[in-house]
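Hello,

Here is the structure for you to look over. My notes follow below it.

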Amino acid sequence: MKAAENGDDSQKKGASKKNGTCRLADLPLPQALIDAYAKRGITELYPPQAECVKKGLLDGKNLLISIPTASGKTLVAEMAMHRQISAQGKCLYIVPLKALASEKFEEFQNKGVKVGIATGDLDKRDEYLGKNDIIITTSEKADSLLRNNARWMELVTCLVIDEAHLIDSEDRGATLEMVITKLRYLNKNMQIIALTATIGNPRAFAGWLDAEHVSSNWRPVILKEGVFYSDTIYFEEDDREIDLPTKDEDTNLCLDCIKEGGQCLVFVNSRRNAEGFAKRMAKALEKYDEELERLHDNARDNARKRAGDKDKLNEPDEPYKPLTDAAVLERIGKQLDEVAETDMGQTLALCTRKGASFHHAGMKREQRQIIEQGFRDGHIKVISSTPTLAAGLNLPARRVIIRDYMRFSEEGMRPIPVREYRQMAGRAGRPHLDPYGESVLIAKSRDMANGLFEEFIDAPSEDVKSRLDDESALCAQILSLIATGFVRKNEDLIAFLMQTFYMYTNKKSSYLTEIVGDSIEFLSDAGMITEIDGFYSPTAYGSLVSRLYINPLSAEIIAGKLREKQAAIDAGLSDLAGKEKLRRSKELAGDTAGSPIFSDIGLLQLLCKTPDMHTLYVKKDEIAVINQFSMEHEDELWLGISFDSMEEDYRALKTAMLLDNWISEVSENLICQRFNVGPGDIYNVVESMNWLCYSASRISAMFAGDLREAVSEVELRMKHGVKRELIPLVKLRNIGRVRARRLFNNNITGPAAIKSAKFEALASILGQKVAKQLVDQVSKMERDYSGLDEISSPALSAGYSSYPASSSSDYSDSSGSSGSGYTGNSGYDGEYGNYGSDGGKVAGGDDGYGKSGASDGGSAADESDSGAGAAGVASDAGEVRKVSGRKKGLKTTQDKTQDKIQDKIQETSQGRTQDKSPKENRTKESSSKESSSKDKTQQNKQRSLFEF
């Protein structure tokens, strides 16, 4: 007799006795699913799973399923989905995290149905997904599919919402709520399965979903929740004393569990604490292991002496078995070494070699995957983590230690929510491996121990509430409703919103109606929608913003500033057109220093100021450095620092400075040191900026055509993290920032140089396989190669970039190249429009960022003239100023900083001003080997500005 989903033998027996047995083979399920689970030893249901079947799971009933982690929620969802598929249905499975989407994608495979996954580009219909039976997405991707009118979404007959309590999330709650509401509107008879382990008001949530509520505390592995104080863990049923080999309570709790064959998760409140504990735990494991081995050997020697004869020993003369497998950990450590490009990565590898690791959002995805797999395999004994690890990932441990249950907030240190505690505690107990699981809080006094029982262990989870009362989030959703035709007039809009969870729980509230009115006014003034005879219609601008999946306020900030720049070009060069206008636009600055209309750092600063960009935290000792940067580059920045929004402005500028480093090919390790971030933070801000640059490119095509090529150039550089000189190379398949730099440093600057180079030379740089692919690719290109290795961007030749080709290697592109031969940008949207699929994973590239296929086909050209009025952007504070009217009558506001341009740009050691040294010398200085001993002088120059 076997139980479901990873249960051990004792639980299998318990499941069969309680409520009788419920066999998978007896249920109306496809044989392929039954057989797939039988191969894993799963033939019977757990009691909560059987209860779901009883409540109508296989009859198309809506269910809200509140059962503990590891109690088989995924199998419940699969049964419902396969039942629907057998009746020609289609299923959508929504998860909160991309990593969880990948995990479910692997889990649902090979069970007789077609499975698809979509977590990438947010402006694509992805119609191909409709060929699958199960489609896995994040809530944001599901919303974007609805906005882009993916027709197969109307065919969904079963919606599964994993971690459904995240409807209460400040970040994604409003999106999830609207996705559910839209899908219910489209598909009246759709079955909804909402999965959650923690929810305080299930009756209200289930009522909104018209769902039966299934609740259970049954787990396949018993969970013991307790509090540690002094030398004892106090559980509700019993107590457990532990040894105290070290002075640290958290370390002692881990060692106590590990010596009995268990593994531990330790939750702390910051990345620094996670890394610090891993270092301490690694040392403790090594020292404790040596101490246990010494005690073992002494005991064995004493036993021999007492017995006088080895043959008379009662126990076998076995050598000491270490707590960890050094050989396996060494192999894992080498894997981490291979992807370690920063000091943090090296620290991670060193700690892991001893059996202790850390896990947080500042790490690379590859690092997290290696750590997670090493822990699942039982080799890594301890992981210290921030709460991100508790959010859905399947990574259980015998003992979970919640060390830091207080979190810093605007009101000071406050306890974490009970819901979050339950997510962490739910990770305790590995099915089939552990006889029990333990969740342990650490108290500093006996009174505190009693308080922790009351505040966390015995406390109910918080109620979930709607997040649609956020004006910004609701405004974006209203635009999407109008742009996609869900609603046509105000009565329809109100009627639709009445179906949301917000209105279900706030039936008498008028607040939502007030927000709707304000949102409609903003969208109308911005020119995103029009109202004629009470009917709403989207403009081309509004439709574009909705499909791009950016906040309308973000779009207005971008469009307003680009209009302003375009107006400056038009005013000064009204008698010119095309590239001649671009070449001469630099003269419009009216300044002896030649201040540019367009600058890379100005665009980055603008995009970092939008609501869609998550910016970096600024410490007090970083403010002086940011101020210095702001003053030195006042003529290049597009926004000032306002007293009213000072913190927001500092954060935006710091983030822009990091991104500027990225496209200047500053090494990852140096960026981490300068800005006090991890590699994962770099990846996250680059990924967000990639999408905003792409959006800015599409918006510029509509409102500032003369700037689109310059914006697109920044977009391409951002995707690959390269200076301008490498653009001709990174446009080739399989060439990322590392390979492109190698080629360039060997005087191979583009397709023409590749075609004329000897194969042996290419192979020595790239390897035989990649070199052959590159030669074949270039050979198939049907175009004139004259001037192909030079950069044609008028932005460069016209001085659009704030980093001239002749500036020093700190920030310059070191190329000095300009020309008109390279025309690849004309097909830019079609070739690179699909960036971001599954986290921006590069197709054959070498740095994790890059293109992943063709998509858009340049559709922006069809939307270049919306005729819509919109908003300008006030310069210093970045505030939106609404300006009604048609495009031809648009009023623009010149950035105040442009009126204060200095007569002469002060020369700095960072090389922002003209450097009269030969280009050949600068090219060598721009090599990506910044961290080597040869470039320490250059490093010191860079650090002087950024070392916070």
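**The negative patch and the paired strands**

Glu170, Asp171, Asp469, Asp470, Glu471, Glu514, Asp518 and Glu521 form a negative surface patch. Patch residues have over 30% relative accessible area and no salt bridge, and like charges are joined within 9 Å. Areas come from the Shrake-Rupley method with a 1.4 Å probe. A salt bridge is a Lys or Arg side-chain nitrogen within 4 Å of an Asp or Glu carboxyl oxygen. Asp and Glu count as negative, placed at CG of Asp or CD of Glu.

This is a predicted model: local features need pLDDT of at least 70, side-chain atom pairs need pLDDT 80 or more, and totals for chains, interfaces and linings use all residues. Numbering starts from 1 along each chain as its sequence is written, and side-chain values use heavy atoms, without hydrogens or water.

Helix H19 (residues 511-525) gives the most to the patch, with 3 residues. Helices (H or I, at least four residues) and strands (E, at least two) are DSSP runs, numbered from the N terminus. Asp171 sits in the loop between strand S5 (156-161) and helix H7 (173-186). Its relative accessible area is 66%, so Asp171 is exposed (over 50%; buried is under 20%).

Now strand S4 (residues 134-138). Of its 5 residues, 5 are buried. Ile134, Ile136 and Thr138 cover one side, Ile135 and Thr137 the other. Strand S2 (residues 90-95) runs parallel to S4, with 5 bridges; pairing takes at least two in DSSP. Cys91 stands opposite Ile134.

S3 (residues 115-118) also runs parallel to S4, with 4 bridges. Gly116 partners Ile135, and Ala118 partners Thr137.

Best wishes

How values were computed: Buried < 20%, exposed > 50% of the residue type's maximum accessible area, 1.4 Å probe, protein only. Patch = residues over 30% accessible without salt bridge, like charges linked within 9 Å, V, L, I, M, F, W, Y side chains within 5 Å.
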